[in-house]
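Here is a short note to read alongside the structure, written for someone meeting it for the first time. Please keep the 3D view open and follow the points in turn.

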Amino acid sequence: MYILRRYYRETRDTLRYHGLLVLLYKILIKCASPFARVGIDILFYMDLSEPLSEKHARIEIDIREASEAEIERLVRVQYGTPLPLDARLSDDEEYEEALRTRQRAVYRERYAEDLRIGDKCFVARVGEEIVHINWSRYPRAHPVPGCVFDLAPDEVFTTDAFTPDEWRGKSIHTAVLNAMLRFAQGLGRRKAYTSTGLEATGSRRGLLRLGWKPIGTLLYVIPRRLGRTYLIRLQGDLGPLLRPVGLQPD
């Protein structure tokens with residue numbers, strides 16, 4: 001019963017916010033899931049060789065880098081605060097909490113490793129509350145599962161932006177992303193890349209408003225049991241996504 005209710009909510013919300021095309025795409029992914037993990041991503045590019053004007057949110061926010069000491073806060077913003085051990089939960093609630101507990105553990109380790117290798121996490125705060133999280137990848141980027149590429153000294157890859165529902169619609173993501181790109185310019189980065197899934201229609205609209213240009217579309221396929229990712233160019237230029245790890249352009 002829980003699974004049926006979840007599918008109903010997902011179908012309703014997808015049609016309402018993304019349209020029929022995205023719903024059909026999600027059905028295709030679900031049908032393929034017993035055999036392979038598949039997805040369609042759109043790659044975007046921005047030229048950082050020219051100065052960027054400063055962008056502001058519609059509310060007063062404080063933008064700064066997050067430190068390793070704040071990892072637990074970052075995880076809880078995205079995946080919730082653990083419930084008390086003696087909390088009385090329904091079967092559905094227990095299942096949801098088990099998923100969140102696993103997510104917290106995975107991302108706690110991942111964030112620590114990302115900061116250790118030199119990636120930057122930028123957060124926006126209203127008072128002491130974190131209202132947005134966004135990442136810049138510097139040594140390497142991993143835009144799709146199993147796909148890793150080295151970034152050149154003049155490149156940056158932005159990814160994994162998150163804004164809690166109650167803080168959306170206030171141009172916070174715009175202001176933080178702008179601050180991240182200007183920071184990257186200060187480090188000598190002149191090319192910026194990012195990507196969104198086909199279903200992320202809102203994120204795509206936001207990127208286009210900020211001046212990002214879509215340059216390519218790819219299909220990724222990860223067959224079950226093989227543990228290898230296959231990239232298939234559907235259109236345009238995949239740029240650095242097809243660059244092998246350890247190989248950088250001259």
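1. Proline 82 touches Arg76, Glu97 and Arg104, leaving out residues up to four places away in sequence; contact here means heavy atoms within 4.5 Å. Proline 82 sits in the loop between helix 3 and helix 4 (91-117). Helices (H or I, at least four residues) and strands (E, at least two) are DSSP runs, numbered from the N terminus. Proline 82 is partly exposed, at a relative accessible area of 36%; buried means under 20% relative accessible area, exposed over 50%, and partly exposed in between (1.4 Å probe, protein chains only).

2. A word on the basis of this note: this is a predicted model, in which local features need pLDDT of at least 70 and side-chain atom pairs count only at pLDDT 80 or more, while totals for chains, interfaces and linings use all residues. Residues are numbered from 1 along each chain as its sequence is written, and side-chain values use heavy atoms, with hydrogens and water left out.

3. Strand 1 (residues 36-47) and strand 9 (residues 213-223) run antiparallel and are joined by 10 bridges; valine 38 has valine 221 as its bridge partner in strand 9. Strand 9 is also joined to strand 10 by 6 bridges, again antiparallel, and glycine 216 stands opposite glycine 236 in strand 10. Strand 9 and strand 10 form a hairpin with 6 residues between them, and arginine 225 in the turn has a positive phi of about 80°.

4. The buried residues of helix 6 are Thr201, Arg204, Gly206 and Leu207. Is threonine 196 buried or exposed? Threonine 196, which lies in strand 8, counts as buried at 7% relative accessibility. Its contacts, leaving aside neighbours within four places in sequence, are Ile40, Asp41, Ile42, Phe44, Ser203, Arg204 and Leu207. Just after helix 6, glycine 211 takes a positive phi of about 100°.

5. Please check two further backbone angles. Most residues other than glycine have a negative phi. Aspartate 160, in strand 7, has a positive phi of about 60° although it is not a glycine, and is partly exposed at 42% relative accessible area. Serine 171, in the loop between strand 7 and helix 5, also has a positive phi of about 60° and is partly exposed at 22%.

6. What lines the second largest pocket? The lining consists of Glu54, Lys55, His56, Ala57, Ile59, Glu60, Ile61, Ile63, Ala175, Asn178, Ala179 and Arg182. On a 1 Å grid over the protein atoms alone, a pocket is an open set of points where a 1.4 Å probe fits, with protein on both sides within 12 Å along at least five of seven lines, and lining residues have an atom within 4 Å of a point. Helix 5 (residues 172-186) gives the most to this lining, with 4 residues.

7. Glutamate 60 is found in the loop between strand 1 and strand 2 and is exposed, with a relative accessible area of 72%. Apart from neighbours within four places in sequence, glutamate 60 is in contact with Arg125 and Val126. Glutamate 60 and valine 126 are 66 residues apart in sequence and 7.0 Å apart in space, C-alpha to C-alpha.

Conventions:
Pairing = 2+ DSSP bridges.
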